[in-house]
Amino acid sequence: MKNVRTARYAIGQIVRHRLYPFRGVVFDVDPTFDNTEEWWQAIPEDARPSKEQPFYHLLAENEESEYIAYVSEQNLLPDDDDAPLRHPQISEYFGERQGGMYSARHRDLN
């Protein structure tokens, strides 16, 4: 069995990338890397994070656009910016924002 760590960030938490200028809200967490090998190999070798850590699905945005991002835990930091997030899908997943967290909306998965 893999050595799985507890995720540092919670669903609904607002985070920012450690190196690149984007921020977003966590909407899902994988305990370890769970994307394609092709995606993994596209990351420059000297910047590839370990697969044995949580990876986060973010409703992300930068100055130019909104998108979905998949980011390793080591590359995220808590975001303390009070500026609102504008990602159009936030209201599908989350309700009210309180500080650095959004409350999760209960969704019917059927």
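Predicted model: local features only at pLDDT ≥ 70, side-chain atom pairs only at ≥ 80, totals over all residues.
1. Leu-76 is found in strand E5, which covers residues 76–78, and with a relative accessible area of 2% it counts as buried, because buried means under 20%.

2. Which residues make up the largest nonpolar core? This core has 10 residues, namely Tyr-9, Val-15, Phe-22, Val-26, Tyr-56, Leu-58, Ala-60, Ala-69, Val-71 and Leu-76. The elements that give two or more residues to this core are E3 and E4, and the largest share, 3 residues, comes from E3. Apart from this core lies another one, of 8 residues, among them Val-25, Leu-85, Ile-90 and Tyr-102. As a general background, nonpolar side chains tend to be buried together in soluble globular proteins.

3. Strand E3, which runs over residues 55–61, deserves a paragraph of its own, since 7 of its 7 residues are buried. Phe-55, His-57, Leu-59 and Glu-61 point one way from E3, whereas Tyr-56, Leu-58 and Ala-60 point the other way, and all of them are buried. The general rule behind such a pattern is that in a regular strand the side chains alternate between the two faces of the sheet. Tyr-56, Leu-58 and Ala-60, which point one way from E3, are also members of the largest nonpolar core.

4. Where does E3 find its partners? Strand E2, residues 23–30, pairs with E3 in the antiparallel sense over 7 bridges, and in this pairing Asp-30 stands opposite Phe-55. E3 also pairs in the antiparallel sense with strand E4, residues 66–72, over 7 bridges, and here the bridge partner of Leu-58 is Ala-69 in E4. E3 and E4 form a hairpin, with 4 residues between them.

5. Leu-59 lies in strand E3 and, at 0% relative accessibility, counts as buried, because the cut-off for that word is under 20%. Setting aside residues up to four places away in sequence, Leu-59 touches Arg-23, Gly-24, Val-25, Phe-27, Tyr-67, Ile-68, His-87, Gln-89, Ile-90, Tyr-93 and Phe-94. The C-alpha atoms of Leu-59 and Asp-28 are separated by 9.6 Å, although the two residues stand 31 residues apart along the chain.

6. Ala-69, leaving aside its neighbours within four places in sequence, is in contact with Phe-22, Tyr-56, His-57, Leu-58 and Ala-60. Ser-72 also lies in strand E4 and counts as buried at 2% relative accessibility; beyond its neighbours within four places in sequence, Ser-72 is in contact with Pro-49, Gln-53, Pro-54, Phe-55 and Tyr-56.

7. What is the volume of the largest pocket, and which residues lie nearest its centre? The volume is about 300 Å³, and the pocket is lined by 18 residues, of which His-17, Tyr-20, Ile-43, Ala-47 and Asn-75 lie nearest its centre. The lining divides into 12 nonpolar, 4 polar and 2 charged residues, and its largest share, 4 residues, comes from E4.

8. Is Tyr-93 buried, exposed or partly exposed? With a relative accessible area of 21%, Tyr-93 is partly exposed, because that word covers values between the cut-offs of 20% and 50%. The C-alpha atoms of Tyr-93 and Ala-83 are separated by 19 Å, the two residues being 10 residues apart along the chain.

9. The last point concerns strands E6, residues 94–98, and E7, residues 101–104, which run antiparallel and are joined by 3 bridges. Phe-94 stands opposite Ala-104 in E7. The hairpin of E6 and E7 has 2 residues between the strands, and in this hairpin Gly-99 takes a positive phi near 65 degrees.

Note on methods: Residues numbered from 1 in each chain as written. Heavy atoms only, no water. Buried < 20%, exposed > 50% of the residue type's maximum accessible area, 1.4 Å probe, protein only. Pairing = 2+ DSSP bridges. 1 Å grid on protein atoms, 1.4 Å probe; cavity = no way out; pocket = protein on both sides within 12 Å on 5 of 7 lines; lining within 4 Å. Points joined across faces, edges and corners; volume = space filled by probe spheres on them. Nonpolar A, V, L, I, M, F, W, Y, C, P; charged D, E, K, R; others polar. Core = buried A, V, L, I, M, F, W, Y, C linked by side-chain atoms within 4.5 Å. Contact = heavy atoms within 4.5 Å.
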